[in-house]
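Hi there,

Here is the structure I promised to pass on to you. Have a look at it first, and then read my notes below.

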Amino acid sequence: MAEHKYIGQNYTTPDLVAKVTGRAKYAEDFRAEGMLFTKLLLSPMPHARVIRIDTSAAQAMPGVKAILTVDDMPEPADSVDDAGRVIRANTRAERALTNEPLYEGEPILAVAAVDEFTAAEAIEKIQIEFEPLPFAVDPLVSLRPGGPTARTDGNVWFRPPTPPAQPGQPPPPQPPIDVKDLKWTEEQFAEAEAGRLPMGEVLADQWEYGDLDAGFTQAALVLDETYVTSNTSNQPMETRTAMAYWQNGKVYVHCSTQSTVQTVAGISRWLGVPQTDVVVISEYTGGGFGSKITSAISLVIPALLSKKANAPVMMRITREEEQYIGRARPSLHARIKAGFSKDGRLLALDFFGLSESGPYEGGNDHNATGRIVSLLYQPVAMRFRGMGVMTNTPPRGPQRSPGGAQGVAVMEPVMSIAADRLGIDQVAIRRINAPEGKAPFNGPNPQGVRPHVTSAFVKEALDKGKALFRWEARKARGGTRVGSKAYGLGVAVAAYSGGSVGFDGLFVIKPDGKVYIQSGIGNLGTESVSDVHRVVAEVLDVPWEKCEITWGSTSKHLPWTCVSGGSQTAHAMTRAAYATAMDARTKLQEIAARTLGGSPASYRVAGERVAGPGGSLTLAQAAQKAIELGGKYDGHEAPETVNVFTKRSVAALAGQGLLAVARDVYPRDGVTHSYTIGFAEVEVDVETGHYRVLDYLAVADVGTVLHPRSLGGQLLGGSLQGIGHAMGQKWVYDQQYGVPLAKRFYQTRPATILDAPVHMEWAAVDIADPETPVGVRGVGEPPVGAGWAAVANAVADAVGHDVFRRFPVTGDMILTSLANGRRVTDPLTANI
Amino acid sequence: MTEDRLKNASRRQFIKGVIAAGAVVSSSAYLFRSIPLSGQPTAAGSVERLMTLNVNGQQRRVDVMRQETLAMTLRYKLGLTGTKIGCDRSECGACTVLIDDVPRYSCSVLTHSVRGRRIVTIEGLAAGDGTLHPVQQAVVDEQGFQCAFCMPGFVMATVGYLKSNPSPTREELAHAVSGNLCRCQDYNKILTAMMRGAELMRRA
């Protein structure tokens, strides 16, 4: 695909006018006849047991229709993986309601009533008694000898080993995940007094390759640094409100989800109903950033209340409730020992990381941290050790570049210190260590082989950014002072997974000559819901205006589609779109040959026609012919290769025109990853500690550019989410009572428009990934780490590396460090 | 609650009631009567009064409770769901509407206080024939915003500000909309779109 008409071009997405006129409907904008409203009773304590609930006064209120407790919730169910292996359910899994709340704000019960006022008053009339239990809001406190544990039975997850398969027998199920109470020794904690992260026993997550000791012996410079990042809430603008009702045995759920099709399986599992009885409606989603990948478990509450009350139920989630149940990025405590050669090569890296993982599964970001760090800096030898430690704080989940962003944030300052100590340019040291081509990452797999990426053009991106940012010219100002203003330059490299494979595409060319494309992608603001289908217009050479996209409801016959998470979609679904367009092309050629004579290969599809030696057919005529021919041409037969979900949709759409359907079966050598380089210049006022970002540039290595404006939005929006992590975003917990002190926007401090860099630019190397037919990789994740660490490095360049060892780097941290001539921030205490 | 006390409902009592309800802060504004209960209010304070509002150039008659916020009236009684509630506490600006041409957070305006005032929501910006307002057109031209949940608020705040300063610098405009939060953090593209909107308005 050399010449591109649509790929790489800007266009107006089909959802934009509805958004800008207020007609776009998000979950809370739907209404149903007789709709009830919900209020939740939330735990006031970080850890407690409910010993008595009396709902009789609430039940007796006029207008109260149903009350739901954990007794109404389905038990966590086993599931089956792609290999047919049973995954045993975690009996301690989150169930949306609970009688043993594990964090302040955990929902205990829910009331449905004719309006919210009544529901709220009913909540007040419920008598409830709690028995307070010990709690932990700091992972290191929990690891200390005699320290409190987040769960009554422990503070860390571990998975007992799976027994080996017996010859001739199916593989035995993996044992369910378990919990252990892990404590480190006082001797190990002695290091904490010096501000270094103690390194005690970790239970599972460790790997290594190469000769670490030899690397450290050869090293000209060995650094041993501790960095701590903050917990940060995803806090999308739209809270996870949901509305549900049951009709003819099916449950209809209007929800805020990142992934339309993939949410069906989640709801099915959480509610214990078959997938064929679940309809997900999600036309517009107000952001998620990883917290709504397959929607949210809380939506089982309105679904079950609706069943109990026999009426539609809306559950509006308030901003404070969103702070509790809305997921967050786990903090990372990291200890990094790094050995460099005198020319800057990273010879040995010993990486130790603790995730503060909240009370449920889902916060083990440190594994991705190990993967991304090993990829980005290609250490000659590396050991990784990591562990999630539970606390009585809200559940964690993925947040844009989960683990990757934290890894970049803690590793990049180490690279900067090394460059300065060794007298090497900051861009140069990153180029020396950059991944290239099919670069390896992670530790070895069970066969002893390290996996590798599909491609990496990080060196090209660094070179491009260095020129665009005028790095050499600006360098003179880095580290200088003018009056109270200190200037600094920073650069940071970031990476994350950038695409999956194996999904389906589906569209119909109808006798009106238009192409009706079914999109199972969630509409969460990335624009991939329509962007990926530009490929169809490109391959078939059909005007984009003649392509209509259907999305937003699983009742509308959608194809099997990847989750919109982990930057998978642009890669996975351009592959599926390409495969489907090729299927259409083949069918058009065959129809033309059958109708007009000659061989299918002698016909060409272009300009809304299929033309060859026997003449030509318009797409409209070919669609009519497809209906007459039936079989595979109009969808009365579906290929065996596509998913059963797609097959159902094909059956529903059969007979309407030329039906194109295919699964992406293109080969791929390597695991797809994308990269972003951040460049930043900051101005720090050394009298106030305040700093601002004067200039920022993001350079992407994300394969072929699909939609430039959307890419620019992802790069700079993601970068600013990262910059927010550098500048201000955090949680604060009262260590004595275990309750959050930062619950609202003005306390958790995501970046406002006034925090944004004065100037922001983006660029892309625009080199096709060789392992995917369209060349496109995902983009959403890596900008976060790039923005975060570029700004942190620039601050260090302006006022010194020793000013901070934790994030966010706040004005008071800078000011007190400068005033005292040394770092005075407590480096290890969590959530301060 | 007696009728007497209702007459004296004050901002302070309203807030106290909210606090008493714990985490259920936004519920106090919800009086959406989906199922009448034999004519009786279901909960204290849910007595409604008929009033007339001037919304998007139309006189709309609506039953409103004393402590009802404009955001709730617009969304749940007038069907104008383009106005979004992002925080319900004047922190995010998603609910911004124009009241007599001034951008206001509708989550923090009591409906009964805007009787006789001109209210414009995102639904009221485009012309009757569907022609977009220049600021809306600029969003379309620049593919501004991502998830767009914050978009109505940003657009209304910009339209209001441009009435007082039709030729802002980029920095002035950033300050003008700094009461609006975008969690996609697409501020760069938003500002580009809003600056283009200002330009289109000057040309119009």
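**What I found**

Of the 832 residues in chain A, 60% are buried. Please keep in mind that this is a predicted model.

Let's start with chain A as a whole. Chain A holds 23 helices and 34 strands. Its C-alpha trace spans about 85 × 75 × 65 Å along the principal axes. How does the radius of gyration of chain A agree with that of a compact globule? A compact globule with 832 residues would have a radius of gyration near 28 Å, and chain A has 28 Å, so the two agree. Take the contacts in chain A between residues at least 6 apart in sequence: 78% of these join residues at least 24 apart.

Next, one sheet to look for. Five strands of chain A form an open sheet with mixed pairing, in the order β21-β22-β30-β31-β34. The edges are β21 (481-482) and β34 (759-764) of chain A; each has a single partner strand, so one side of each has no neighbour in the sheet. The helix α20(A) packs on this sheet and touches β30, β31 (691-701) and β34 of chain A. The direction of α20(A) makes about 135° with that of β31(A). Within the sheet, β22 (residues 485-497) and β30 (residues 673-685) of chain A are antiparallel and pair over 13 bridges. If you want one pair to find on screen, Lys485(A) has Asp685(A) in β30(A) as its bridge partner.

Now for the place where the two chains meet. Chain A gives 64 residues to the contact, and chain B gives 56 residues. On the side of chain A that touches chain B, the elements that each supply at least two residues include α1 (16-21), β1 (36-42) and α20 (708-727) of chain A. By class, that side of chain A has 27 nonpolar, 21 polar and 16 charged residues.

Finally, chain B. Which domains is chain B divided into? They are domain 1 (47-122) and domain 2 (134-203), and the C-alpha centres of these two domains of chain B lie 22 Å apart. Their contact takes 15 residues from domain 1 of chain B and 14 residues from domain 2 of chain B. On the side of domain 1 of chain B that touches domain 2 of chain B, β3 (96-99) and β4 (102-105) of chain B give two or more residues, and β3(B) gives the most, with three residues. The residues of that side of domain 1 of chain B are eight nonpolar, five polar and two charged.

Happy exploring!

Conventions. Residues are numbered from 1 along each chain as its sequence is written. Chains are lettered from A and ligands numbered from 1 in the order in which they are written. This is a predicted model: local features need pLDDT of at least 70, side-chain atom pairs count only at pLDDT 80 or more; totals for chains, interfaces and linings use all residues. Two residues are in contact if their C-beta atoms, placed from the backbone, lie within 7 Å. Helices (H or I, at least four residues) and strands (E, at least two) are DSSP runs, numbered from the N terminus. Ala, Val, Leu, Ile, Met, Phe, Trp, Tyr, Cys and Pro count as nonpolar, Asp, Glu, Lys and Arg as charged, and the others, Gly among them, as polar. Two strands pair if DSSP finds at least two bridges between them. Axes are lines fitted to C-alpha atoms, for helices over the stretch in contact, and angles run from 0 to 180 degrees between N-to-C directions. The radius of gyration is taken over C-alpha atoms; the globule rule is 2.2 Å times the number of residues to the power 0.38. A residue is buried if 20 or more other C-beta atoms lie within 10 Å of its own, exposed if 12 or fewer, and partly exposed in between; C-beta atoms are placed from the backbone. Domain bounds come from an automatic or database domain assignment.
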